[in-house]
Amino acid sequence: MKLNTSQPSFSSYQRDTHFYDEIFSENNEVKEVYKTLLNLYSEHTVQDFARLNEKAKASFFNQGITFQVYGEHETKEKIFPFDLFPRIIDHKEWSHIEKGVLQRSKALNHFLWDIYHDKKILKQGIVPIDLINSSANYLDQMQGLNPPGGIYNHISGTDLIKHSDGKYYVLEDNIRCPSGVSYVICNRTALKRALFGVFNHYQTHTVTDYAENLLEIMESVKPHGVDAPTCVVITPGIYNSAYYEHSYLAKAMGVELVEGRDLFVENDFVYMRTINGAQKVDVIYRRIDDTFMDPLEFIPDSTLGVPGLLAAYKLGNVCLVNAPGTGVADDKAIYTYMPQIIKYYLGEEPILSNVHTYHCHRPDELKYVLDNIENLVIKPVDEAGGYGISIGNKLTKEEIENVKKVIKENPRKYIAQPIMSLSVHATYIEDSKSFEPRHVDLRTFCLLGKDKSFVLKGGLTRVALKKGNLIVNSSQGGGSKDTWVLKK
């Protein structure tokens, strides 16, 4: 349906009546929170946005704001696509989101403590013990270990969608190593440079306070007896897909960015090599997977980690952020039990709802999934970045049969969810040089420390730039928007 709107930039915008549009109501009226913004954007033509879009791309390239896409035969470095039309979330809506993601993060931390200690939730049969025992991310080395401050998931990324009913639902929880927060901050900077005047008309929360809060969280979980902790960020190196973020956060916090070869362990303490000699390290924000972080405990030929690191951690001489073994709760099979986990540990009803999820490990649910693949999204429980996902109504008959075969070979590895109607948001499309509706989701970032928590007032709104696509991940051709959370 073509909208009768006077804004030149949106003169060709057509609202898709099948989906919840975040800007236009069902009767094609501009929603109240966007009225001022659309009036401001009406001062620019689509040609203006084409020019501004090129400037934004050049700015991102010059700053090195890129990511790696891993293909079958080669790895490509790409500019992170950024859309100049922001998403707005009002104060009341955000308050609901913030309480919900904080609730989930706290419940997951309790869950991790329990499964590495008393295992009460497993003994009582609320979460099946075989899900934990069969998880590749459960670390026996963490059994009975007390992390500094009692925190496992210092950093959590919760992915939300807004459904056709206008309500938010959680797609998944990311607590192994959630990425993307640097793009949240860079999106804000890029939009201010391109269209600074629009910020004069809205009172938005800052997103540039993330780094200082992350540093406070890291310092709050310093080892016992340390007054002024030395913190570092450890990266796999420049060829990692999120290397830009690793370097950005280290610089923003004013701490060293190191690789495994820059650290060593002596007498069960961790030290950093510097031009002035060895310096003791107390807190490490690690962007290296568990199995690569210590060749003495995991993969013997790993050159990314630090020999002896886990032994130093076990003795409480260094804190690792996030804790090793958090990936067991990152498992999408565990996600299916989140309502029960929240009730068990917090005695509360979930503030944010899960998307209804079938786990193929359960025989009755496996049968339903195999019989209804064309209506479902199939996801591996242990992948990230949108890899391995199959959307049933996009598959051929032959592809459906192949998916069935893969699921039956390893039911534990797969979950299925209904094909949700992700909300759409007006997005500048470079090929058509026009604004068109595209599906979006929202990744929020929550920090937990000793007696401190923080939820970034904003998030990474990810956009599926391909028309009709529901997968928003940058590795699958997605982009992002600046996300404004309004003050009262």
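A crossover is right-handed if, with the strands pointing away from the viewer, the path from the first strand over the helix to the second runs clockwise. In the present structure, strand S11, helix H9 (residues 309–314) and strand S12 form a right-handed β-α-β unit. Helices (H or I, at least four residues) and strands (E, at least two) are taken as DSSP runs and numbered from the N terminus. The model is predicted, so that local features need pLDDT of at least 70 and side-chain atom pairs count only at pLDDT 80 or more, whereas totals for chains, interfaces and linings use all residues. Residues are numbered from 1 along each chain as its sequence is written, and side-chain values use heavy atoms, with hydrogens and water left out.

Strand S11 (residues 283–286) is covered on both faces, with Val-283 and Tyr-285 buried on one side and Ile-284 and Arg-286 buried on the other. Buried denotes under 20% relative accessible area, exposed over 50%, and partly exposed the range in between (1.4 Å probe, protein chains only). Strand S6 (residues 231–234) runs parallel to S11 and is joined to it by 4 bridges; pairing requires that DSSP find at least two bridges between two strands. Parallel pairing also links S11 to S12 (residues 319–321), over 3 bridges. Ile-284 is the bridge partner of Val-232 and stands opposite Leu-320 in S12.

Tyr-285 is also among the residues with the most contacts inside the largest nonpolar core, together with Leu-37, Tyr-41, Phe-85, Tyr-210 and Met-253. This core has 89 residues, and its largest share, 8 residues, comes from helix H6 (residues 181–195). Another core, of 47 residues, lies apart from it and includes Ala-107, Tyr-116, Ile-132 and Val-381. A nonpolar core is a set of buried Ala, Val, Leu, Ile, Met, Phe, Trp, Tyr and Cys residues joined through side-chain atoms within 4.5 Å.

Helix H14 (residues 397–409) has 13 residues, and its end C-alpha atoms are 19 Å apart, in agreement with the 18 Å that it should span; the expected span is 1.5 Å times one less than the number of residues. Ile-400, Val-403, Lys-404 and Ile-407 are its buried residues. Viewed down the axis of H14, these residues fall within an arc of 105° and therefore line one face of the helix, the arc being that of the directions from the helix axis to the C-beta atoms.
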